[in-house]
Amino acid sequence: MGKKLFGKLWNGALGRNEVRQKYKGGVALVNMDKKQYGQASGTHWICLVDGHYYDPLLPNGKEMDIEQGDNEQNCGQRCLAFALLYLQDPDMAKLV
């Protein structure tokens with residue numbers, strides 16, 4: 001889905017140990033687990049977009065609120081939505 005949404009800006013869905021070598025400054029979802037043997041175990045996703053970091057489980061935005069509840073498992077979707085908003089209006093996205 002990331003490739004469809006972001007085209008050439010898409011840097012992929014990466015394990016945290018792949019960010020330094022594969023993130024080129026566009027949009028990437030990063031799993032907080034390391035990717036091992038070509039597989040990520042998939043615990044929690046954060047987003048990098050134009051070098052800006054977004055984690056739905058940490059305080060963000062103007063109100064410094066946490067977007068995702070502990071019992072929710074939609075961090076990847078939240079990250080894609082944040083990246084879309086950020087690319088349209090970075091100042092607005094920073095309020096989220």
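**Strand β2 and its sheet**

Biologist: How many of the residues of β2 are buried?

Modeller: β2 is largely enclosed by the rest of the structure, where buried means under 20% relative accessible area, exposed over 50% and partly exposed in between (1.4 Å probe, protein chains only). Mind you, this is a predicted model: local features need pLDDT of at least 70, side-chain atom pairs count only at pLDDT 80 or more, and totals for chains, interfaces and linings use all residues. Residues are numbered from 1 along each chain as its sequence is written, and side-chain values use heavy atoms, without hydrogens and water. The tally for β2 is five of the five.

Biologist: Which residues of β2 point the other way from Val-27, Leu-29 and Asn-31?

Modeller: In a regular strand, side chains alternate between the two faces of the sheet. Val-27, Leu-29 and Asn-31 go one way. On the other side you'll find Ala-28 and Val-30.

Biologist: In which sense do β2 and β5 pair?

Modeller: Strands (DSSP runs of E, at least two residues, numbered from the N terminus) pair if DSSP finds at least two bridges between them. β1 and β2 run parallel over five bridges, with Gly-12 opposite Ala-28. Ala-28 also has Leu-48 of β5 as its bridge partner. Five bridges link β2 and β5, and the sense is antiparallel.

Biologist: What is the order of the strands in the open sheet?

Modeller: The pairing is mixed across four strands. Read across, the order is β1-β2-β5-β6.
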